[in-house]
Amino acid sequence: MSDMTLTEKTLARTSGNTTVKPGDVLWVEPDSILMYDWPGFTEVYADIIKNDLKMDKLPYPEKFVFFIDHLWPPSGEKEADFHHGTRNWAKEQGIKLYEGLGIGHQVSAELGLGVPGNLIIHGDMHVQVLGAFGASTVSFMGDFLTPWVLGRFWVEVPETINIKLEGKFQPFVGGRDLIHKIIYDLGPDGGIGSVLEFTGEGAQNMSIDERMNTLCQVMFCGALNGVFPADDLSLQYLSERTGKKHASVKSDPDVQYKTEYTYDLSSLEPYAIAPPNPGNAKPLKELLGTEINQGYIGSCASGRIEDIENAARILKGKKIKEGFRLFVVPTSKEILEKTMNSGALATLVEAGAFISSPTCDFCYGKTQSMSAGESAVSTGTLNVPGRLGSIEADIYLVSASCVAASACTGKITDPRDILS
Amino acid sequence: MTFEYKGQVAWIFPDHYDVDQIVGIQNIRETDLDKLMPLCMADYETDFLSKVKEGDILVAGKNFGYGHPHFQAMALMRKIGIWAVLAESFAPTFYRSEVANAMALLVVPDITSKVKRFDSLKVIFDEGTVYNEKSDTSINGVAPPEMVLGYIKHNGIIGFIKDQLKTG
C-alpha cells in the first residue's frame, strides 16, 4: 500500500477506497454536516428540499449540527422570525441546534465535534479551525444541498504542503502572527487547493487556542484547509469533551508532500494583514505608528481564552487611550465564563473596554461600524473595505495582543514594546 | 454530450480577484438582484451592461474568487446571460459553489495573455479547449471532472440532485 497523508487517509475511508492519491476525484461521505442560519440560504434550501425535491425528511439528520450565531441577539421582528423559522425546521427534521453558546466554529470544538480523521463540512470557510484536532474540513458556500440531501459530495484529493514548525512562540506572538507570516510567504494563492499540514515539535508546542487561530485563516493563501495531526494535547481536550478515547490519524512517515516550509516559532516576529484584502500580509514593524480609532478582539479567528488573557496582561493597570473604542467579544459562552472567573474581563473593563456576550455580529460589521477616514485593528476574519461600516475605513488584522497594545497608544503598537 | 459556449470576452479580471467588487463591496448586504443590476461593474465601466451580450464569457488571472465571495456577483452575471469563466486558477470554495450553479468554470493556463477583450471565443467545456476566432488559435485548458459536468448537464444543483436521487 502506498504511503498516504492524513487527508488522503480520511478521504480514502470516507470514499470507501483503500488508497487514494492527489488528483483523484471521489464521492465522499462526510461525518458531520455543520451550518449556521443566514437569510437567503437556510430558509431557501429548506424550501427547495420540501417543494422542489419533495423530501419531507433529510436522510441523515444525525450528522447535522446547526448554530444560531449570526444576527444574534436578533434586532427587530424580521430577524427574530428568521431564527424562529430555523428552530422550527431543525425540530421538524430532528437536527441538533445550538444557540446562545457562541460562534459555532468554536462551539463545535467545545462540543467535541473535531474528531481526528473525521470529514467535516460547513457552508462557511472558517470551519477550518476543527483541523486543530486532526479533522479534515471542506467549506461549501453554495453547494451544500448535495451533501445535505445525498449524504455525499465530490472532492478532488488535494496535495498536502508540510508546514514544519520548530521552537515555541515568544510572549505576545502567536497563531495569528504565524498564519499572517505564512500568507506573506506563500502569497494569496501559494497554497491553492492544497492542505496545510502543521508538523514538528513546534506544532506540538502550540496550544489548542493558537492552533485554531492559525487554521481559521488558511484559506487566504488559497488553501483548501489546514490540519494539525492529533497529539496528546488535542486528544486530551477531545476526551474531556466527549468522554471517549480517540485515536490520532497521521500521515505515513515517508509520505511525499507537495512542498515543505519550515518556521522557527521562537524567532517569529509579529505580522499583520493590511488593507485592502486578506492577502496583503506585512511585518507589523512596517505598520507601527499608524493612527487607529478602534479595536476588536473576538471572532472565530481569535477571541479565545489566551487572546483575552494576553490582552488583560497588557492592559492591567492601564487605561485605553482617550477616544479609542475597544470591543472585546469572547468567542463562546465557555470562554466568557472562564475569562470572567479569571478576572481578565474585569481588567479589560477597568481599562475601558466594551464587553459583549459572544456573537458573530461584530466580525462582519453588523455592529461596531466605523466612519470614513477611521481605522481599526481587528482580530476579525476579513479586512475588505466596508466590512466594518464605511468603505473608506481601514482595517488591519492583527493578534489580540497587538489590539490591546494599540488600544493603549491609539497607534499600531508592537505588544512586546508595551511591557518592556 | 458536449457543452459549448460561444461569445465575446466581456471582461478580463486580474489575479486574486474578489468577485464582490463586481457589485461593490459596500453593496454586498443587498441581496435583491434587480436592485444590484445597475451597479454591476459600474465601478469599472458605467456602460458595461450595454456592451455585454448573452453568451459572453469572462476571463480572469490566477485565484479568481479569492477572499470571502458572496453569491450576488455570479448570480448577476447569469442574469445577464454569462455562464462561462475561463481563469488561470480558481479559489477552491468559489469553484465548488459556482459550478453547482451550472457556471462553466474552466482552468486555462495563461489565458489572460492569449485573449483580448471582445475577442470571440468558442469553448468546448467538457474537453477543456478554447478556440479564439479573432486570432485563429486554439488554447488548451484543463478538462473538468465528470461530477462538474453533471451540474452543467442538469442546469445546476437542483436538477443534478434530482438526477442522482433517481439514478442512485
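These legends describe close-up views of a predicted model.

**View 1. The interface between chain B and chain A.**
The contact draws 33 residues from chain B and 43 residues from chain A. About 3200 Å² is buried between the two chains, and carbon and sulfur atoms give 68% of this area. B:Tyr66, B:His68 and B:Arg96 supply 23% of what chain B buries against chain A, more than any other three residues. The size of an interface is often given in this way, as the accessible area lost when the parts come together.

One salt bridge is found across the interface of chain B and chain A. It joins the side chains of A:Asp143 and B:Arg96, with N to O at 3.4 Å. On the side of chain B that touches chain A, the elements giving two or more residues are helix H4 (92-99), helix H5 (146-153) and helix H6 (157-167) of chain B. H6(B) gives the most to this side, with seven residues.

**View 2. Arginines over aromatic rings.**
B:Arg96 lies over the face of A:Phe140, 4.8 Å from the ring centre. B:Arg96 also takes part in the salt bridge with A:Asp143. In chain A, the charged end of A:Arg152 sits over the ring of A:Trp27, at 4.9 Å from its centre.

The whole structure holds 34 aromatic pairs over all chains. B:Tyr17 lies in the loop between strand S1 (4-13) and helix H1 (33-36) of chain B, and B:Phe64 in the loop between strand S2 (57-60) and helix H3 (72-80) of chain B, so the pair ties together parts 47 residues apart in sequence. B:Tyr17 and B:Phe64 are both buried. They belong to one aromatic cluster, whose members include A:Trp154, B:Trp11, B:Phe13 and B:Tyr44. Also among the members are B:Phe48, B:Phe90, B:Phe94 and B:Tyr95.

Over all chains, the structure has 20 salt bridges. B:Glu45 pairs with B:Arg117, the closest N and O atoms being 2.8 Å apart. B:Glu45 lies in the loop between H1 and helix H2 (48-51) of chain B, and B:Arg117 in the loop between strand S4 (104-107) and strand S5 (120-124) of chain B, so the pair ties together parts 72 residues apart in sequence. B:Glu45 is buried, at 13% relative accessible area. B:Arg117 is partly exposed, at 25%. B:Glu45 and B:Arg117 are linked with B:Asp47 and B:Lys51 in a network of salt bridges.

B:Asp119 forms a salt bridge with B:Lys134, with the closest N and O atoms 3.9 Å apart. The pair links distant parts of the chain, 15 residues apart: B:Asp119 is in the loop between S4 and S5 of chain B, and B:Lys134 in the loop between strand S6 (129-132) and strand S7 (137-140) of chain B. B:Asp119 is buried, with a relative accessible area of 4%. B:Lys134 is exposed, with a relative accessible area of 65%.

**View 3. Helix H3 and strand S4 of chain A.**
A salt bridge joins the side chains of A:Glu99 and A:Arg87, 2.7 Å from N to O. A:Glu99 is in strand S4 (residues 96-99) of chain A and A:Arg87 in helix H3 of chain A, twelve residues apart. A:Glu99 is partly exposed, at 27% relative accessibility. A:Arg87 is partly exposed too, with a relative accessible area of 29%. Helix H3 of chain A (residues 77-93) also holds A:Glu77. That residue, A:Glu77, is exposed, with a relative accessible area of 62%.

**View 4. Helix H10 of chain A and the residue after it.**
In helix H10 (residues 305-315) of chain A, the buried residues include A:Asp307, A:Ile308, A:Asn310 and A:Ala311. A:Ala312, A:Ile314 and A:Leu315 are buried as well. Just after H10(A), A:Gly317 takes a positive phi of about 75 degrees.

Terms used:
Residues numbered from 1 in each chain as written. Chains lettered and ligands numbered in written order. Predicted model: local features only at pLDDT ≥ 70, side-chain atom pairs only at ≥ 80, totals over all residues. Heavy atoms only, no water. Phe/Tyr/Trp six-rings, centres within 6.5 Å; stacked < 30°, edge-to-face > 60°. Helix = DSSP H or I, 4+ residues; strand = E, 2+ residues; numbered from the N terminus. Buried < 20%, exposed > 50% of the residue type's maximum accessible area, 1.4 Å probe, protein only. Lys NZ or Arg CZ within 6 Å of the ring centre and 35° of its normal. Contact = heavy atoms within 4.5 Å. Buried area = accessible area lost by both parts, 1.4 Å probe. Salt bridge = Lys/Arg side-chain N within 4 Å of Asp/Glu carboxyl O.
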